[in-house]
Amino acid sequence: MSGLDPEDGGRPATILPPLLDRDAETALLRAAVDDAVAGTGRLVVIEGPAGIGKSRLLQQAAELARSRVPTILHGAGDELRRTRALGLVRGLRDDAGAPAFPDLDAGDPAADVAAPDGGAAAVHGVLGALRALTGPDGRDPVLLVLDDLHWADAGSLRVLDELAGGLATLPLAVVVATRPREPGAFHDLLDRLRARAGAGYVRPAPLSASAVGVMAAEALPSGRATPQAIRALAQRSGGNPFYVRELLRADAVDAGDAAVPDAVRRSVRLHLQRLGPEAVALARAVSVLGSGRTLRTAAALAGLDAEAAEAAADALARVDVLRPGDPLAFEHALLADAVRAELEPFARARLHRRAATLLHEHGAADDQVAAHLLEARADGDPWVAATLLRAARATNAAGDPVAAGRLLERARREPPPPELEGDVAGALAEADALAGRPGAAERLAEALQLIDDPRRRAELRYALSRAFHLAQRFGDAARTSGDALDGLAPDDALYDRVLAGWMTDALFDPHLQPQTDPRVAAVTAEIRAGSAAAGPLLAHATTLAALDEAPADVVRQLARRATSRDPLADAAAHGFPLTHVSTGLLHADLLDELLAITERALASPAARTSVLAQMTARGGRAYAHLLRGELTDAVREGERAQAISRATDTPYSAWWIVAVAEAHLAAGDVDAAQAALRQAADVTIPAFAELRLGEAAAAVALQSGDPEAAIRIASAGEEARAGHGGIRLSLGARDGRGTLATALAAVGRRDEALELADAEVARTADAVVPRHHADALLIAGAIRGAEGTPALEQGVALLRSSPSRVLLLRALTALGLARRAAGDAPGSRAALLEALELAERLGLSQRADELRGDLRTVGARPRRAALRGPGALTDAELDVARLAASGLGNPAIAARRHVSRKTVETHLGRIYRKLGIGSRDELAAALADGDGP
């Protein structure tokens with residue numbers, strides 16, 4: 001074998017890369033060496049595609065034999081010399097590079113040595129020479145290591161076949177490496193060797209992700225080998241060691257990085273050239289079409305008839321470029337990239353244009369066709385523009401405005417015919433607004449100049465107003481929806497929907513007073529009368545009713561009617577109206593209702609095709625779980641909503657960051673809350689969302705011991721709120737004014753703190769929702785300390801009827817501390833013990849530890865929460881246990897609890913462990929044991 005490893009990009013063979021995931025192969029090689037040393041030969045055939053590590057295993061065989069076998073010979077097949085008689089065996093070298101058979105190199109005395117197969121006499125002569133290497137008594141072990149056997153000449157293969165037949169009596173280990181079904185190889189002779197190898201035939205598997213991770217950790221700078229980078233590297237390389245190394249050398253580990261290392265490109269190029277022009281054409285067609293296309297489509301793009309395409313596909317599969325069968329797919333993503341990289345830009349664009357036409361003719365969806373049109377050259381084709389427009393509308397409806405924008409920008413470059421210019425410009429304005437991009441209003445003005453139809457202009461304005469609202473550009477949304485409303489007759493089918501949008505937009509514009517508008521007054525009157533608005537107004541009316549202090553039953557019925565037919569309230573609007581349903585239910589403290597509705601929404605088919613609808617539903621659930629004290633669930637749902645917001649580039653992340661931060665803060669984990677808030681630096685924060693983010697930041701600053709910072713942040717937020725109409729939606733567990741008042745008291749500005757707190761008590765005195773007034777009483781009472789006991793007692797009493805247990809926990813804690821300050825040790829112990837029990841049931845260990853410390857200051861000696869038995873169950877676990885003990889199955893429990901079946905199964909597993917039981921049949925007795933004295 002030459003001094004360079006062909007599967008390692010030409011590196012010196014003495015620099016061995018790590019041998020990973022090859023324990024079984026190494027054991028086989030060691031056994032072959034052991035047998036040779038013991039006097040019995042063995043044949044090992046290592047077969048696999050290029051780059052899988054065959055040469056490295058041959059090196060391993062030599063290393064294993066180095067100190068035990070006196071003679072180690074190396075050789076390799078040569079594609080350019082496979083017709084040379086006995087070329088492989090005549091080229092055998094020892095470790096020092098010296099010829100093994102100098103007489104053969106000088107010329108064989110046998111007359112037929114020049115025959116294509118080496119000649120029978122020459123074959124037997126070489127066999128005799130090989131056997132002679134075992135010494136005069138035939139006991140000296142020998143290792144023969146042969147690479148690239150697929151390029152070996154026929155004569156050398158015959159020598160090996162004859163040699164393999166007599167290995168049982170020779171101390172000779174023969175280890176060879178070959179590729180499967182390589183073009184031009186002598187397959188019959190290779191098949192005979194595979195059969196002779198028997199159990200010594202091995203095909204190394206691709207590297208596992210953990211092995212790829214080891215290679216990445218060694219090659220990349222510290223901190224770069226992240227789990228995400230390792231997964232991307234493993235996926236793109238397919239676990240092929242050569243590809244992994246080359247990607248690492250080129251620093252192209254990102255799955256989205258289309259750069260192909262030069263060594264890989266050369267390897268793939270040479271590989272395809274050996275297969276012929278039909279295989280090259282088919283491989284290029286598949287690289288352009290993408291994996292998963294039928295042979296029929298790929299053949300048409302490659303310009304091949306069915307028979308030629310089938311032969312080419314089989315040839316590509318034999319050498320592990322394509323996977324066998326139909327539809328067609330590359331073995332590794334990197335192979336597809338390498339083939340595609342060989343195409344010149346214009347040739348590639350031309351193939352993509354032809355691919356788009358073929359896919360359309362074969363009935364593919366518009367988005368699949370459009371993916372190729374994005375890569376094709378613009379040529380003024382009306383069909384291209386129309387296809388891109390249809391695909392963009394579907395993509396936008398599915399909740400990906402960024403991708404829709406790319407399609408529409410490409411449609412503009414085509415350019416579209418005059419009759420589509422307005423549609424393309426309008427759709428682009430909507431997508432830009434949904435994605436939070438600047439310039440959407442300018443695009444709208446451009447589109448409106450191209451459209452004459454008043455009805456179509458109103459539709460466009462309405463669509464854009466919803467996009468502005470989703471981007472939280474409320475002023476633009478109100479103006480645009482107002483313009484749309486002015487262009488519609490009251491009996492128009494679109495009128496109610498536009499009115500609903502304007503009502504919501506106007507709430508956030510300080511210059512508008514929607515409640516005084518006669519159109520809104522009619523809706524408000526219906527709400528106050530206990531009846532509901534109709535059609536698309538229902539979802540928006542839910543928020544209006546909650547803000548207008550309508551009874552809980554009115555808000556509940558509005559929410560139910562808004563979602564009765566469509567769980568998303570309006571699936572065509574990206575699930576956006578569900579935001580209003582969720583907001584109204586949160587403000588009204590109807591948390592169970594919110595979880596039930598959002599569970600239905602997430603299960604709906606429309607939600608599965610709209611990521612924005614999923615974001616809305618999960619975001620609402622995060623806040624509901626937060627108020628219920630289910631803080632782990634709140635963090636999980638908030639992070640899911642945030643991930644969707646980031647992926648779709650919508651400016652909603654701030655809302656979900658707030659939910660996650662507040663959940664961590666309620667659990668007492670200030671560091672985690674601060675970490676959540678730091679993520680806001682990486683996302684777009686609209687003005688109104690910034691208010692809620694500021695409230696959370698002020699609360700974190702206060703709890704971390706910096707009241708001055710809390711005052712600065714909260715004061716700025718209160719000033720900014722006035723510019724947004726002074727809207728106060730009680731969604732989370734923290735209120736900006738409450739934080740400000742508490743921080744003022746902490747720095748000794750008690751009079752200012754009380755003035756602010758008492759104003760909130762007065763403002764909420766007539767609140768229909770007990771939580772709103774209780775929250776204000778909690779702040780005012782805590783600031784007063786011992787004198788605030790009556791206010792805190794009133795707040796606790798109100799919160800007992802609320803599902804917001806996170807606030808009840810805070811109120812009980814504040815009451816216990818106030819009674820302690822007043823010298824009422826028994827009363828303090830009672831409140832703090834109740835708070836401790838609630839904290840334990842909610843699974844808030846840090847809060848529970850803090851409460852035990854407080855209890856010890858009033859003479860109590862609280863025990864730690866039980867580790868086993870009913871007392872060890874959290875509130876959620878106890879509820880699930882009781883439902884299961886009553887005979888309900890997991891689906892029914894999931895529906896009752898408004899959680900997934902998986903969550904129920906997880907709860908039950910923990911319950912069984914804590915109760916020391918093995919099945920639900922034992923639940924009733926185990927729970928009864930905990931009810932005793």
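Author: Let's start with a cut-off: a residue is buried if its relative accessible area is under 20%, exposed if it is over 50%, and partly exposed in between (1.4 Å probe, protein chains only). This is a predicted model: local features need pLDDT of at least 70 and side-chain atom pairs count only at pLDDT 80 or more, while totals for chains, interfaces and linings use all residues. Residues are numbered from 1 along each chain as its sequence is written, and side-chain values use heavy atoms, with hydrogens and water left out.

Reader: Okay, why does Gln60 count as buried?

Author: Its relative accessibility is 15%. The limit is under 20%, so Gln60 counts as buried.

Reader: Where is Gln60, and what does Gln60 touch?

Author: Gln60 belongs to helix H2, residues 54-65. Helices here are DSSP runs of H or I with at least four residues, strands are runs of E with at least two, and both are numbered from the N terminus. Not counting residues up to four places away in sequence, Gln60 touches Leu19, Thr26 and Leu29, where contact means heavy atoms within 4.5 Å. Arg30 is 30 residues from Gln60 in sequence, and their C-alpha atoms are 9.2 Å apart.

Reader: Next, strand E3. What makes E3 largely enclosed by the rest of the structure?

Author: Six of the six residues in E3 (142-147) are buried, so the rest of the structure largely encloses that strand. Both faces are covered: Val142, Leu144 and Leu146 are buried on one side, and Leu143, Val145 and Asp147 are buried on the other.

Reader: What counts as a nonpolar core?

Author: A nonpolar core is a set of buried Ala, Val, Leu, Ile, Met, Phe, Trp, Tyr and Cys residues joined through side-chain atoms within 4.5 Å. The largest one has 90 residues, and Val555, Val581, Leu585 and Tyr623 have the most contacts inside it. Helix H33 (residues 653-666) gives the most to this core, with eleven residues. Another core, of 75 residues, lies apart from it, with Val260, Val288, Ala312 and Val321 among its members.

Reader: Why does Thr543 count as buried?

Author: Thr543 has 5% relative accessibility, so it falls in the buried class. Thr543 is in helix H26, residues 537-547. Leaving aside neighbours within four places in sequence, Thr543 is in contact with His580, Thr583 and Gly584.

Reader: On to charges. Why is the Arg805 and Glu630 pair called a salt bridge?

Author: The rule wants a side-chain nitrogen of Lys or Arg within 4 Å of a carboxyl oxygen of Asp or Glu. Arg805 and Glu630 come to 3.4 Å, N to O, so the pair passes that cut-off. The pair links distant parts of the chain, 175 residues apart: Arg805 is in helix H41 (residues 805-821) and Glu630 is in the loop between H31 (611-628) and H32 (631-648). Both residues are buried. As background, side chains of opposite charge can pair when their charged atoms come close.

Reader: How do you know that Arg852 forms a salt bridge with Glu840, and which class does Glu840 fall in?

Author: Their closest N and O atoms are 2.6 Å apart, so they pass too. Arg852 has 5% relative accessibility and counts as buried. Glu840 has a relative accessible area of 23%, so it is partly exposed.

Reader: What about Arg66 and Glu63?

Author: Arg66 and Glu63 form a salt bridge, with the closest N and O atoms 3.2 Å apart. Arg66, at 36%, is partly exposed, and Glu63, at 43%, is partly exposed as well.

Reader: How many salt bridges does the whole structure have?

Author: A search of the whole structure finds 47.
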